[in-house]
Amino acid sequence: MTVTRPARLTGAALAGALALVPFVWILRDLAALGSPEDLFWYWAGDRFRLSRARAATTLLDPVLCVAATGTALAALRSRHAAAALAATGAVTLAVRLPGLWTHGTGPLVTALAELALGTGLLVTALAGRRPPAGPDEPVPTRPRPGPAVAAGLLLACAALALVAWEVGRAVRLDPRFAVDRFTGGRSVLGAALGVPPGWLALVLVALYLTAAVSAFAGARHTRPLGLLAGGFLLAVGLAEAARVARLHLHYDVRYVMAPELDLPGLATALYGVLAGAAVLALLAGRGAPEAAPVPRLPAATPQPPYPRPPGW
């Protein structure tokens, strides 16, 4: 399926507006914290920044901003942007749904706006599709089998590791606190636009597994979905690796010496960095070339009857 030109322009406009919403909040946080470095460490979860001015954004906001910008560019350049529009819209709906029961007028209005834009992207992707006009019109290419399977394995392992991490944390926590991690209760402190950590983990697991299954099946929508999943995996891994490194470079006042190194957390973070970068590299190339159509043989000429009739 391809996308009509009016649908492409509409999708590009919606994606551009979706990128603009978190960008405005990021500019506000830059003005509040004073420098991009402080904002980055805040996104990474550095506890030394939590005592200063509070930021409203989280690491999710710049990732969504970049994803929406890439989707807008894809809609303007390619007639095969339906998968990119649908993937960005679905992820936006999933991560912004908890914002409906958030506290504060600004975050609620932002959640409503992003939910409306995400819904618009999904509707545009579904309503603007059309079959190819003819056999000569190009269609979205499938990913190459080798890189697709490798990217699928990396994403599946990331999803399993995230599930194991969340299950282990839920077992150690009090049941009420474990539920708050998914619903955003009062025991979970975070930024104004923050997503409950358990809810975000569920969304990421669903994204990684969906992209992995698409890669194993060699579906035509594997590349945009896999690139989105790889971008999230890389960003989360970078933030976690930076947080662990920062914790051992600047000791907390509660520690007389450096805290014990969190080897499982560090290994998970490094895997996220390497696997996310690998998924982006594997799926960023060109897709597999389409097989040339088999030429149709001309119809066989019937043999003349014998004996031939007069005038044959």
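Trainee: How many residues does helix H4 have, and what span is expected at 1.5 Å a residue?

Mentor: The expected span of a helix is 1.5 Å times one less than its number of residues. Helix H4 (residues 82–96) has 15 residues and covers 21 Å from its first C-alpha to its last, close to the expected 21 Å. Helices here are DSSP runs of H or I with at least four residues, strands are runs of E with at least two, and both are numbered from the N terminus. Keep in mind that this is a predicted model, where local features need pLDDT of at least 70 and side-chain atom pairs count only at pLDDT 80 or more, while totals for chains, interfaces and linings use all residues. Residues are numbered from 1 along each chain as its sequence is written, and side-chain values use heavy atoms, leaving out hydrogens and water.

Trainee: Which residues of H4 are buried?

Mentor: Buried means under 20% relative accessible area, exposed means over 50%, and partly exposed lies in between (1.4 Å probe, protein chains only). In H4 the buried residues include Ala84, Leu85, Thr88, Val91, Thr92 and Val95, and Arg96 is also one of them. An α-helix has 3.6 residues a turn, so residues three or four places apart point the same way.

Trainee: What does the whole chain look like?

Mentor: The chain has 10 helices and two strands, in the order β-α-α-α-α-α-β-α-α-α-α-α from the N terminus. Of its 312 residues, 41% count as buried. Contact means heavy atoms within 4.5 Å. Among contacts with a separation of 6 or more, 75% are between residues 24 or more positions apart.

Trainee: At what angle do H1 and H5 pack?

Mentor: Axes are lines fitted to C-alpha atoms, for helices over the stretch in contact, and angles run from 0 to 180 degrees between N-to-C directions. Helix H1 (residues 5–33) packs against helix H5 (residues 105–127) at about 160 degrees, with the axes 9 Å apart. That makes H1 roughly antiparallel to H5; under 35 degrees counts as roughly parallel, over 145 as roughly antiparallel, 65 to 115 as roughly perpendicular and the rest as oblique.

Trainee: Is the crossing of H1 and H5 left-handed or right-handed?

Mentor: A crossing is left-handed if the near helix is turned anticlockwise from the far one by less than a right angle, and right-handed if clockwise. The crossing of H1 and H5 is left-handed. Their contact residues divide into 11 nonpolar, six polar and one charged. Ala, Val, Leu, Ile, Met, Phe, Trp, Tyr, Cys and Pro count as nonpolar, Asp, Glu, Lys and Arg as charged, and the others, Gly among them, as polar.

Trainee: How do H6 and H8 pack?

Mentor: H6 and helix H8 (residues 197–217) pack at about 155 degrees, with axes 8 Å apart. H6 is therefore roughly antiparallel to H8, and H6 passes H8 in a left-handed crossing. The residues of this contact divide into 18 nonpolar, two polar and one charged.

Trainee: Is Glu166 buried or exposed?

Mentor: Glu166, found in helix H6 (residues 145–172), is buried, with a relative accessible area of 14%. Not counting residues up to four places away in sequence, Glu166 touches Arg181, Gly198 and Ala201.

Trainee: And where is Leu173?

Mentor: Leu173 is in the loop between H6 and helix H7 (175–183). At 33% relative accessibility, Leu173 counts as partly exposed. With the sequence neighbours up to four places away left out, Leu173 touches Ala178 and Arg181.
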